[in-house]
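I opened my notebook to work through a new structure today.

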Amino acid sequence: MFATEVTPFLFSSLQPTEREWLEKSVSPLGFVLASRKIRRAVVSCPDASSWAEQANQQAWTLDHWARVWIAAQLSETELHRLFDTAEIREWVALVSALPWLSHPEAWLLRATDAVRSNIGDVLDAIAFFNPYPERYFTESAWNQLILKVLFNDKPLANIQGLSSRQNQALAQDILLLAKERWAAGRDLASAAWQLIVSFPSDEALRMVEMLAQKPRVSDQQAAQLVLAAWHRADQPTNVTWHDII
Amino acid sequence: MCSSHDLPQNHPSHFEGSPSESYAHVVFDQPWESYVAGMTFFDPHIHMTSRTTDDYQALADAGVRGIIEPAFWLGQPRTGLSTFQDYFNSLIGWERFRSSQFGIRHFCTIGLNSREANNEALAEQVMDILPLYLYKEGVVGVGEIGFDDQTPAEEKYYRAQLELAKEAGLPVQVHTPHRNKKQGTERSMAIALEHGLAPHQVIIDHNNEETVRSVLDQGFYAAFTIYPFTKMGNERMVDIVKHYGSERIMVNSAADWGISDPLAVPKTAALMKVRGISEEDIRMVTFTNAFTAFAQSGQLHLDDFTQPVTVDQSQTFQGNTVLRGGQQPRVDKQSGIIR
């Protein structure tokens, strides 16, 4: 269980007064007050766990850690109440806590609501370094997440499960988005093209050949990586998808 | 009341007008913005929910770095608790984000406004959810509360909210009525004292020439709303500061859905400068006093105003590896081309 396993790390990072307050504040009000009672300092968690990885990548502050720790021990009713009245940083903490709640699958609507949010930090909290979408999103919810990140010019590489959740419908969506962007004289993040590699088609080939003619170097590199995977070009040297934004 | 447009019936041999009129010839001979270039401002009362992104851009350009949005009446009476809750949520959520995109720190005060206190059935439900919001980050007071018609229901919920403020250790932002203003202001102050609030924890808003002396004498903060036609004009405001000095006085715009001016604070600063008020006094009434009054909430820190908002955002997600919501791209409003 998340709270139990995290307790040693969290308590050892807190000052005695903070710890004393936190131990008696496992309540919705405690969740709210955490920002007043616990320092807003980023801490790094040395544990080899997927929550430590998420927390370190998202740079959780101590008050954020405390909020997630409290949230993981609250009832469903209490959590819904907190979601319904959340201030921005509270909302971010709740969204980042979703994979660590006792029945994560029950929170799908709250997770997709975060994808729908136009508040940058809230979208980032579900999209980046959060294992929830990879584990629990339906295919259509997953595809919306990817498209929203691309639409907002945010970095695709920070999404967990990019390759494991590839699908035919998403590949088609990417081609449509690229066409729309090109028609408007705008660019699409070059990294998006890795999502079509497993789904070759005549149309995809035509578009990748157009991509290869774009002036942006990262577009040319992306085109070469796709074409190489389809055995239509040489593997580029010194370039992988990790290098392409 | 006479206005500067009235033609005198007689031609007096010596000046008999107001102090404003005596130096009415001292006007801006450059664009007003140039007088306040490089200065920064804090507007402690503005309803951004009712304003556009153009206004945010204009505030940022004029040097406004922080604002407080008090919870108020939306122009249309609410019919249920959910709309109150969603409104409070927008003050601590969406509006705060919208503001941050323009580099402006957004804070709010939360409360049940006086008009809607008269719908007692609904008011009771709102009172139940208020404590949930008063402890949120960035909530710097209980407000705007007080009297409108001065009914018994308004008094009941004003008193109840003073108790909430006391319990939460938050300052109170008091709206004073348009009708029977002087009496309503005195009554608001007397009730606050009766509930054991210290005068310095209470900001009495929408003052005028008739209310200011008593407010200051009793030790309260006196806020002035620079709002065309119905509240203060900035020329009258200059007179007030010349007469009373800058201690515990602050100006705000209260810009909302009415004909109002979100740039009222920097425009007033510009006029003060033209009319010879010291930069130190200008700073007090357009930044420091409001900051000090609401910092009693423990939710305002001066460091926040010396760093760009985006720096603070990146603290949550160390470094810039994650692209932030960040600043909005600038749009050239003069151009006929939209890209």
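My entries on the two chains follow.

**Entry 1: what kind of model.** I noted that this is a predicted model.

**Entry 2: chain A.** I looked up the secondary structure of chain A and found 14 helices and zero strands. I then checked how much of chain A is buried: 57% of its 245 residues. Next I took the box around its C-alpha atoms, which is roughly 65 × 35 × 30 Å along the principal axes. The accessible surface of chain A comes to about 10900 Å², and carbon and sulfur atoms hold 50% of that. I also looked at charges: chain A carries 22 positive and 28 negative side chains, with the centres of the two sets 5 Å apart.

**Entry 3: the sheet in chain B.** In what order do the strands of the open sheet run? I found eight strands in the order 1-2-3-4-5-6-7-8, with parallel pairing. Strand 1 (41-43) and strand 8 (249-252) of chain B sit at the edges with a single partner strand each, so one side of each has no neighbour in the sheet. Neighbouring strands here are turned by 25 degrees against each other on average, ignoring direction.

**Entry 4: a closer look.** I picked strand 2 (residues 64-70) and strand 3 (residues 105-110) of chain B, which pair in the parallel sense over five bridges. B:P70 stands opposite B:T109 in strand 3 of chain B. Helix 5 (residues 120-134) of chain B packs on the sheet and touches strand 3 and strand 4 (139-146) of chain B. The direction of helix 5 makes about 150 degrees with that of strand 4 of chain B.

Note on methods: Residues numbered from 1 in each chain as written. Chains lettered and ligands numbered in written order. Predicted model: local features only at pLDDT ≥ 70, side-chain atom pairs only at ≥ 80, totals over all residues. Heavy atoms only, no water. Helix = DSSP H or I, 4+ residues; strand = E, 2+ residues; numbered from the N terminus. Buried < 20%, exposed > 50% of the residue type's maximum accessible area, 1.4 Å probe, protein only. Areas by Shrake-Rupley, 256 points an atom, 1.4 Å probe, with all protein chains shown as cover. Lys, Arg positive; Asp, Glu negative; His and termini not counted. Charge placed at Lys NZ, Arg CZ, Asp CG, Glu CD. Pairing = 2+ DSSP bridges. Axes fitted to C-alpha atoms, helices over the stretch in contact; angles between N-to-C directions. Contact = heavy atoms within 4.5 Å.
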